[in-house]
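Subject: Structure handover

Hello,

Here is the structure we talked about, with my notes below it. Please keep it open while you read.

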Amino acid sequence: MLSDDHVNEIIIEVENVSSGVQSHPSSNQIFQEKVLLDSSISMVSSISDIDVVDSQTVSKRNDQKGNQVLQFSTSLNESMSQTLHSLECMGIDTPGSSHETVQGQKLIASLIPMTSRDRIKAIRNQPRTMEEKRNLRKIVDKEKSKQTHRILQLNCCVQCLNSISRAYRRSKNSLSEILNSISLWQKTLKIIGGKFGTSVLSYFNFLRWLLKFNIFSFIVNFSFIIIPQFTVAEKNTLQFTGLELFTGVGYFRDTVMYYGFYTNSTIQHGNSGASYNMQLAYIFTIGACLTTCFFSLLFSMAKYFRDNFINPHIYSGGITKLIFCWDFTVTHEKAVKLKQKNLSTEIRENLSELRQENAKLTFNQQLTRFSTYVMAWVVSTGVTIACCAAVYYLAEYNLEFLKTHSNPGAVLLLPFVVSCINLAVPCFYSMFRLVERYEMPRHEVYILLIRNILLKISIVGILCYYWLNNVALSGEECWETLIGQDIYRLLLMDFVFSLADSFLGEFLRRIIGMQLITSLGLPEFDIARNVLELIYAQTLVWIGIFFCPLLPLFQMIMLFIMFYAKNISLMMNFQPPSKAWRASQMMTFFILLLFFPSFTGVLCTLAITIWRLKPSADCGPFRGLPFFIHSIYSWIDTLSTRPGYLWVVWIYRNLIGSVPFFPSILHVLIITYLYWQITEGRKIMIRLLHEQIINEGKDKMFLIEKLIKLQDMEKKANPSSLVLERREVEQQDALHLGERDSSLDLRFRRSVQEGNPRA
């Protein structure tokens, strides 16, 4: 039964609303009043379901409330018609049906209390045209400004801040749209992902990511090292023959390509012009490039780790993509087909992983498989050790070999052998899949990556030992330039072998599989081997950037050509993976391998070069110094004589100059940043779960409203059934009252008998 307090509350609210209707209420007020009306009607309609004790009193109260609700609904309809008329005057298309009108008012009322960012996202997600979205945003902004001026009367500073923040968001969105429109190979990557899946796509994404790295490094080196050197460079008297493109010697020796060409003097044009210290510029520019690469690797690794290992969307089965993921703004025929391929590939990947996770093996099968894995690891480790020994002995005798052979092509012997090993051994490792037969394709790629990284990084480590101990201490005139030439030849030879493998080797494997041995079929793209080629080349670039500042430019050209070569070979010679699998976490593993051991090994090599080796006496910007780092020491001593720069001297001597500073600060930065990314990922998970709870509550309210509307429609359609229900309720109430009277009479008799046993 409805209490008197509830009735009084409804009467008060109706009086307040009726007084507000005359003053043209806003859409937010209309929404609140409509909700109050629905609640009051539901309360009134629910009276028939309550146990009736005094039917006459209830009927009188129902008549009173019905009259009040009728008056309120009349005034509310008048106010809504006025609001709709104003909306039509402002350019908003209002639907004719009352249901759609109420939905539009609810939408506007729900958008007004939101923040600016949430409001923009909500309007963007509406299934409307762009013109409708713009008009809707104008209406909401106008209503928001009216409400804000009516409540708070914002001052000029707050309005200025709001306009600045709005302009910043718009410029940010415009900039992101421009960057997405000029992004490299966007359409090509979509085609690759739709046909071959995310596993093959991860290789091309990694290649594009490395290309951005080298573009940045080249711009920095060109701006602060190469351009200043051009201003004081002497004319090159050597003749260009074309063979220098393969050997890196001859004409290139006296150019800005190598370390030995750069001057050690302070560049100054005119007596009053600003001076430019080439020693400090050289070492600080290389240090800035490597520091930026370090933080970029750390940031990218943490970002991909958060997106692919922490956020909850990766643990979903991907079934929602089958039902809810279609973008209805895609209308072009080719774009629709590409979208369909992408969706079908992702669904196959998710279903394949679910099926593979449920597979179980017996104990004998597990024992056999474990023995196979151990034997494969023993063989692969033995092959790696043998290859490293061959490279070591060849490098030991390389200097003597070059002294006894005057042929210009003799310098290509070491790069040729190393490139042959890097091409043949990974192909041999890839054949282990026929024996190991991993259930999860991801595990197979991880194992191949680990084996290949052990091989390639071991070879690079042996070459670094050869350069720092043999070449640097050999007494050559300019040993830094010799190391730069060796690295250039290794990089160029590796690129030539990769192109030959793409156009010849992969084509031959396709011919063999299609015509000679048809049981093999088309081969599958070897992700591990191709990714390790990129990591190996980038490691050489980072090591050689100190000895050959133009290496990032050559790496840019090679990566650009390699993308198109691999894309053509992929479309012609390979088939999609036979076992579809989701490779969302592969990019994280690629960057982890690039960071450790590749980049950390580069930092160790360059640290030994700068702190422990003596520069050449006749070439390079550090000629005449006992160590490379002494240029920094001299600069600090100069600053110590100037009172305004004593704080720089204190920071260097107490922080940067201390021995445990760099290792400790690097560990602290890495651990802190990773923990921060984990925390951010958990916050995102909590926010998504919270939004899910809110959406479930909204779904329940929506279903309840639909159910109430259906009940009202049934009552309007069958009024006779409503009369019958009321009669049944009254009969049930009468029976309840009779049972209650009889139970009271029975209790009274029992009490009398207990009080007077004789009766």
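N452 touches P426, Y429, A528, R529 and L532, leaving out residues up to four places away in sequence. The residue sits in helix 17, which covers residues 441-471. N452 has a relative accessibility of 1% and counts as buried, because the cut-off for buried is under 20%. Please bear in mind that this is a predicted model.

Is Y259 buried or exposed? Its relative accessible area is 0%, so Y259 is buried. Setting aside neighbours within four places in sequence, Y259 is in contact with Y282, E480, T481, F546, F547, P549, P615, C619, G620, P621, F622 and F628. One of these contacts, P621, is 362 residues away from Y259 along the chain, yet the two C-alpha atoms are separated by 7.8 Å.

For the chain as a whole, the counts are as follows. The protein chain has 25 helices and two strands. It is made of 759 residues, and 38% of them are buried. Of the contacts with a separation of 6 or more, 76% are between residues 24 or more positions apart.

On the helix 8 side the contact is made by S202, Y203, N205, F206, W209 and L210, and on the helix 21 side by M586, M587, F590, I591 and L594. Sorted by class, this contact has nine nonpolar residues, two polar ones and no charged ones.

The crossing is right-handed. Helix 19 contributes I527, V531, I535, Q538, T539, W542 and I543 to the contact, while helix 21 contributes F590, L593, L594, S598, F599, V602 and L606. The classes here are 11 nonpolar, three polar and no charged residues.

F590 and L594 of helix 21 are listed in the contact with helix 8 and again in the contact with helix 19.

The peptide bond from F596 to P597 is cis, with omega near 15°.

Last, the annotation. The unreviewed UniProt entry lists "transmembrane region" for residues 209-230, 280-299, 370-395, 410-432, 444-468, 539-565, 585-608 and 656-676. I checked two of these spans against the model. Residues 370-395 are 100% helix and 0% strand, with end C-alpha atoms 38 Å apart. Residues 410-432 are 78% helix and 0% strand, and their end C-alpha atoms lie 35 Å apart.

Regards

Notes. Residues are numbered from 1 along each chain as its sequence is written. This is a predicted model: local features need pLDDT of at least 70, side-chain atom pairs count only at pLDDT 80 or more; totals for chains, interfaces and linings use all residues. Side-chain values use heavy atoms; hydrogens and water are left out. Contact means heavy atoms within 4.5 Å. Helices (H or I, at least four residues) and strands (E, at least two) are DSSP runs, numbered from the N terminus. Ala, Val, Leu, Ile, Met, Phe, Trp, Tyr, Cys and Pro count as nonpolar, Asp, Glu, Lys and Arg as charged, and the others, Gly among them, as polar. UniProt positions are given in the numbering used here, feature names are shortened, and annotations may be inferred rather than shown by experiment. Buried means under 20% relative accessible area, exposed over 50%, partly exposed in between (1.4 Å probe, protein chains only). A crossing is left-handed if the near helix is turned anticlockwise from the far one by less than a right angle, and right-handed if clockwise.
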